[in-house]
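Here is a short report for a reader new to this structure. Look at the sequence and the 3D view, then read on.

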Amino acid sequence: MKVCDILRVKGSTLFTVAPDTALQTAVLVMSEHDIGSLVVMEYDKLVGILTFREVIAALAKYHGKLDDLKVKTVMNAKPLTCNMETEIDEVRRMMLVDHARYLPVIDQKMLMGVISFYDVAKSVVEAQDFENTMLKAYIRDWPEEAEKTAP
């Protein structure tokens, strides 16, 4: 299974924000859409990612006040990325090693979407469920041994 398979099922809805956007505005967008990340784009270029991790760190650092902060001051400016052909096992390894919950998907310098740890876990569980169903059907339909005939 590849990243393109996850995006095909997940859909292509994507939320982005500019680096100069007020952090409060970005937090409202994340809350309104029940999403954990926003890709930070400057024109057509990926310049970072804002996740709830960065928001919580900013809240702690600035004692709960986000008034004058811009997204660019707290975003992750070097997000881990993958491409449409990246295998899911590699994505899982990347996410675990780097403690990344969200990966922008880039294909030929174009942002194609974002996959989350949840998306990856869901796809793995669905693949395992399908495999289990197929194995159970195979076992259930196992050919009976030919009856032994008496000599």
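## Strand E3

In this predicted model, strand E3 is largely enclosed by the rest of the structure, because five of its seven residues are buried. The strand covers residues 45–51.

E3 pairs with strand E2. The two strands run antiparallel, and six bridges join them. E2 and E3 form a hairpin with two residues between the strands. In that hairpin, Tyr43 takes a positive phi near 60 degrees.

## Ser37 in strand E2

Strand E2 spans residues 37–42, and Ser37 is part of it. Is Ser37 buried or exposed? Ser37 is buried, because its relative accessibility is 9% and the cut-off for buried is under 20%.

Which residues does Ser37 touch, leaving aside those up to four places away in sequence? The contacts are Met30, Ile49, Leu50, Thr51, Tyr102 and Val114.

Helix H3 runs over residues 52–61, and its buried residues are Glu54, Val55 and Ala58. They cover an arc of only 100 degrees around the axis, so they sit on the same side of H3. A general rule of helices applies here. An α-helix has 3.6 residues a turn, so residues three or four places apart point the same way.

What do the buried residues of H3 pack against? Their partners are H2, strand E3 and H4. The face turned away from the buried side carries Ile56 and Ala60, which are exposed. Just after H3 comes His63, with a positive phi of about 55 degrees.

## Salt bridges within helices

How many salt bridges does the model contain? The count comes to six. Three are described here, starting with Asp5 and Arg8.

The closest N and O atoms of Asp5 and Arg8 are 2.4 Å apart. Both residues lie in helix H1, which spans residues 3–10. They are three residues apart, which means a separation of about one helical turn. Asp5 is partly exposed, at 25% relative accessibility. Arg8 counts as exposed, because its relative accessible area is 58% and the cut-off for exposed is over 50%.

Glu90 and Arg93 also form a salt bridge, with their closest N and O atoms 2.6 Å apart. Both belong to helix H5, residues 88–98. Three residues separate them in position, about one turn of the helix. Glu90 is partly exposed, with a relative accessible area of 32%. Arg93 is partly exposed too, at 43% relative accessibility.

Lys72 forms a salt bridge with Asp20, and the closest N and O atoms are 2.6 Å apart. Where do the two residues lie? Lys72 is in helix H4, residues 71–74. Asp20 is in the loop between strand E1 (16–17) and helix H2 (23–32). The pair therefore ties together parts that are 52 residues apart in sequence.

Lys72 is partly exposed, at 46% relative accessibility. Asp20 is partly exposed as well, with a relative accessible area of 47%.

Definitions and conventions. Residues are numbered from 1 along each chain as its sequence is written. This is a predicted model: local features need pLDDT of at least 70, side-chain atom pairs count only at pLDDT 80 or more; totals for chains, interfaces and linings use all residues. Side-chain values use heavy atoms; hydrogens and water are left out. Helices (H or I, at least four residues) and strands (E, at least two) are DSSP runs, numbered from the N terminus. Buried means under 20% relative accessible area, exposed over 50%, partly exposed in between (1.4 Å probe, protein chains only). Contact means heavy atoms within 4.5 Å. A salt bridge is a side-chain nitrogen of Lys or Arg within 4 Å of a carboxyl oxygen of Asp or Glu. The arc is that of the directions from the helix axis to the C-beta atoms. Two strands pair if DSSP finds at least two bridges between them.
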